[in-house]
Amino acid sequence: MEFSEVNGLLHGGDYNADQWLDRPEILKEDIQLMKKAGVNVVTLGIFSWASLEPEEGVFTFEWLDQIMDSMYENGIYVILATPSAGKPPWMAKKYPEIMQTDRARVRHLYGRRKTQCNSSKVYQEKVRIIDEKLAARYAHHPALLMWHISNEVSGECHCSDCQENFRKWLKNKYGTIDNLNKQYCSKFWSHTYNDWSEIESPAPHGESAVHGLMLDYKRFSSDMLIRFVKMELDIVKKYNPDIPVTTNMYDVNCEVNYNRLADILDVTSWDSYPLWHCGTDKKSEWKKAVEAAFHFDFCRSLKHAPFVLMESTTSTNNHFEISKLKRPGMHMLSSMQAVACGSDSVMYFQWRQSLGAYEKFHSAVVSHNGSEDTRVFHDVVEVGEKVRSLFFIKNTKTWSDVAIIYDWENMRALYEQKNLRNHNQEYDVIMYEHYEAILKNYVSVDIIDQSADFSKYKLIIAPMLYMFKTGTQEKIKNYVEQGGNFVMTYYSGIVNENDLCFECWSPYGLNDVFGVKSEEIDSLCDDEYNQFTYNGKVYKAKFYCDLLNVCGAEVLSKYECDFYAGRPVLTKNNYKQGMAYYIACRSEKDFLYDFYHTLIDETGIRRIIDSPYVDSVMVKERADEESRYVFYMNFSVEQRTICGIQLAGYEVQLKKEKRILEK
C-alpha cells in the first residue's frame with residue numbers, strides 16, 4: 001500500500017460533515033481540533049446520499065467541494081466513500097422494488113441501512129449515476145487519497161430478481177439439471193428437480209434440508225455482493241485508475257467471502273470493535289486481544305500486505321449489550337495492536353458524536369460537549385503523536401512460516417450440515433484456540449483459505465476442514481511430500497465443495513498421507529470429557545472425539561476412557577519428505593500450546609522472541625529488509641516482565657532490531 005502523499009501512518013476517522021452543514025462554526029472548529037489530534041485523513045460521504053441527492057436528479061455537491069478543499073488546505077487527506085450503503089427515503093418510496101426481501105419472502109420497508117437489493121436494476125442504475133458524478137468531480141482532487149466503496153457490504157435478498165439470478169448462477173455452475181440433482185443428492189426425500197424454475201432459495205417455510213442448495217445460496221449472495229462492489233469500483237477507477245480502492249470488512253462470519261472480495265481491491269481494510277473489559281477475568285483482556293489479533297492477521301493475510309484499520313472506537317460502543325468505557329491505557333494499546341498486526345493506520349468511527357438517532361451514544365473523538373478537554377480527546381492526541389513517531393513502520397510487512405486455514409465456504413457448510421452439536425459447533429472459537437496456541441509460542445501466523453499457496457509455509461494447520469474443495473487433497477499431499485508439516489484435526493475431509501459426502505474413509509484421499517482412517521466421531525455433552533496423556537501430562541478431550549484406525553501412523557497418544565479407550569488421539573506420519581499430524585479430539589488450550597511448542601521446536605520455525613509464554617503478553621513483529629520492529633503488548637492490568645522488558649498494565653513497547661535474514 002503506497003500513499004506517497006502521506007509521510008507515515010494514517011490517523012483519523014469517519015467525518016459526517018453533512019450533519020453539521022447548518023453549523024459552519026462547527027466545521028471550522030473541527031479542522032482546528034483535527035490538527036491538535038494529529039489527524040491526517042478523514043473518511044467522507046459514507047452515509048451522505050440524502051445530502052448529495054436530496055431529490056431524484058437534484059445534486060448538491062457544493063458542501064462536499066468546500067469540505068474537500070478545506071481538508072486539503074489544512075494538510076488533511078480524504079478517503080471518499082460511495083454512498084450506496086445508505087439510500088435516501090425518496091428512492092424507496094418511488095422505487096419500492098429496490099428493497100430487500102427476507103427469507104420469509106417479506107419485503108423490507110424503508111429503514112436502517114443496507115436493506116436494499118443489490119441485484120435490483122433500478123438500484124444499480126441509481127448507484128451508477130451518483131458514483132459517476134462523484135468520480136467525475138473528485139477523482140483528481142488533490143485531497144483524494146483513496147476510494148471507499150459502500151460500507152461493510154453484506155445482506156441476503158430473496159426477491160424475484162434474486163431468484164432468477166440464482167437459477168442462472170446454478171445453470172452456469174452445474175450445466176444441467178441432472179448434474180445439479182446428482183450433486184445435491186436430491187432423490188433424498190423426493191427432492192428431484194425437473195426444471196430450473198422449480199428451484200427456490202432457502203426459506204423458513206420452504207426448502208431448508210438440501211444442504212448443497214443452502215450452501216450455494218450463500219455463495220451466490222456473496223458473488224452478488226462482490227459483483228456490486230466491482231461495479232462501483234470500475235466506475236471510480238475509470239476516472240483515475242491511480243487512486244486505490246477499498247471497502248471496509250468487519251466480520252469473518254458474514255455474508256461475503258472476503259478472500260474473493262480481496263481479489264478485486266487494491267487495499268484491504270477492517271472495522272474493529274472488541275468489547276473490552278467485559279469478560280470474567282477482570283485483570284486480563286487476553287481473550288478479546290486474541291480475537292482482535294486473529295481478525296487483523298486475517299485482513300493482512302488477504303493480500304499479504306499492510307491493511308487499513310478503517311474503524312475503531314475511541315471508547316464505548318453503543319451496539320453491544322453492555323456499553324463499556326475503555327479503561328485508561330486501552331485506547332493506546334488496542335490501537336498499537338492493530339499496527340503491530342499490520343495496519344498502516346489508526347482510524348475511528350467517528351470524529352464527532354451525532355446529536356440523535358441510533359449511534360448518538362457511540363463514542364467519538366469529539367463528544368457532545370464539543371470540548372477538547374476530555375479523557376478521550378487526550379487519548380486520541382496521544383495516539384496521534386505515537387502514530388506520527390512510527391513513520392518508519394509504514395509499508396513494513398509480516399513474514400510468517402505458519403498458516404492456519406480458515407475457509408469461508410467450509411464454515412458455511414459446517415453451519416448448514418446436521419451432525420455433531422447442531423446449535424453450538426463453535427467453528428470460530430476452535431479457530432481462535434489454535435491461533436492462540438501459536439500466538440503464545442510467539443510465532444507469526446497467516447490466516448489463509450484452501451486456495452492459497454501452501455509452499456511458502458513450513459507448517460499449516462487446518463482445524464475442522466470438513467469440506468475439501470476440488471484439488472485440496474492433492475495440494476495437501478504435494479505440500480507434505482515436498483517437506484511441509486501439516487496438522488489436520490477431527491471432522492476433516494468429509495464432503496466435497498457441494499456438501500456431498502465422499503465414499504471413503506476420511507480424510508478424503510489422504511489416508512496414506514496421515515496414516516489414519518476416521519471411522520466415527522463422538523459428540524460429547526457439555527459435562528462430559530475423555531482424557532489422554534501427552535509427554536507425561538494428562539489433558540481433557542471434549543466436545544468432539546474422532547475414532548481412528550491406524551494405517552501406518554505413529555501413535556503419540558490414546559484415549560483413556562469410554563468404549564474407545566486405546567484408540568489414537570494424536571498421530572504423526574512421515575510421508576515422503578514431510579510430516580502429517582492428526583489431532584482426533586477438541587482439547588483444552590494447554591494441550592494445543594504444548595503440542596505446537598514441541599512442533600515448532602522440531603521443525604525449526606523461527607520465534608519472534610525466545611521466551612515461554614508470559615501471561616497476557618502478546619508479541620508481534622513487522623519488518624523490512626534491514627530491520628525488524630517487535631511490539632510487546634501487555635493486556636493485563638498488572639505488570640509483566642518478558643525478555644528483560646518491564647511492561648506496566650496495558651502498556652505497549654516497541655523495540656527495533658537488526659533483521660537477520662534466513663538462509
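**Sheets, crossover and aromatic pairs in a predicted model**

Strand S7 (residues 269–271) and strand S8 pair in the parallel sense over three bridges. Strands are DSSP runs of E with at least two residues, helices are runs of H or I with at least four residues, and both are numbered from the N terminus. Two strands count as paired if DSSP finds at least two bridges between them. Within this pairing, serine 269 stands opposite valine 308 in S8. The two strands belong to an open sheet of three strands with the order S6-S7-S8 and parallel pairing. Strand S6 (248–249) and strand S8 (308–311) are at the edges with a single partner strand each, so one side of each has no neighbour in the sheet.

This is a predicted model, in which local features need pLDDT of at least 70 and side-chain atom pairs count only at pLDDT 80 or more, while totals for chains, interfaces and linings use all residues. Residues are numbered from 1 along each chain as its sequence is written, and side-chain values use heavy atoms, with hydrogens and water left out.

The protein holds 17 helices and 25 strands. For its 663 residues, a compact globule would have a radius of gyration near 26 Å, and the protein agrees with 26 Å; the radius is taken over C-alpha atoms, and the globule rule is 2.2 Å times the number of residues to the power 0.38. Along the principal axes, the C-alpha atoms fill a box of roughly 75 × 70 × 45 Å. Of the 663 residues, 62% are buried, where buried means under 20% relative accessible area, exposed over 50% and partly exposed in between, with a 1.4 Å probe and protein chains only. Among contacts (heavy atoms within 4.5 Å) between residues at least 6 apart in sequence, 71% join residues at least 24 apart.

Strand S1 (residues 10–14) has five of its five residues buried, so the rest of the structure largely encloses it. Four bridges join S1 to strand S9 (residues 345–348) in parallel, with tyrosine 348 as the partner of glycine 13. S1 also runs parallel to strand S2 (residues 41–44), joined by three bridges, and here glycine 12 has valine 41 as its bridge partner. From S1 the chain crosses through helix H1 (residues 24–36) to S2 in a right-handed β-α-β crossover: with the strands pointing away from the viewer, the path from the first strand over the helix to the second runs clockwise.

Aromatic pairs number 44 in the structure. Rings of Phe, Tyr and Trp (its six-membered ring) pair if their centres lie within 6.5 Å; planes under 30 degrees apart are stacked, over 60 edge-to-face, and the rest tilted. Phenylalanine 166 and tryptophan 169 are stacked, at 6.2 Å centre to centre and 25 degrees between the planes. These two residues are three apart in helix H6 (residues 160–174), which means that about one helical turn separates them. Both phenylalanine 166 and tryptophan 169 are buried. Tyrosine 534 and phenylalanine 591 form an edge-to-face pair, 5.5 Å centre to centre with 85 degrees between the planes. This pair links distant parts of the chain, 57 residues apart: tyrosine 534 lies in strand S15 (residues 530–534) and phenylalanine 591 in helix H17 (residues 589–603). Tyrosine 534 and phenylalanine 591 are likewise buried. Elsewhere, ring pairs link a cluster that includes Tyr258, Trp270 and Phe294.

Charged ends also sit over rings, which requires NZ of Lys or CZ of Arg within 6 Å of the ring centre and within 35 degrees of the ring normal. Lysine 133 is placed this way over phenylalanine 59, 4.8 Å from the ring centre, and arginine 352 over tryptophan 20, 5.6 Å from the ring centre.
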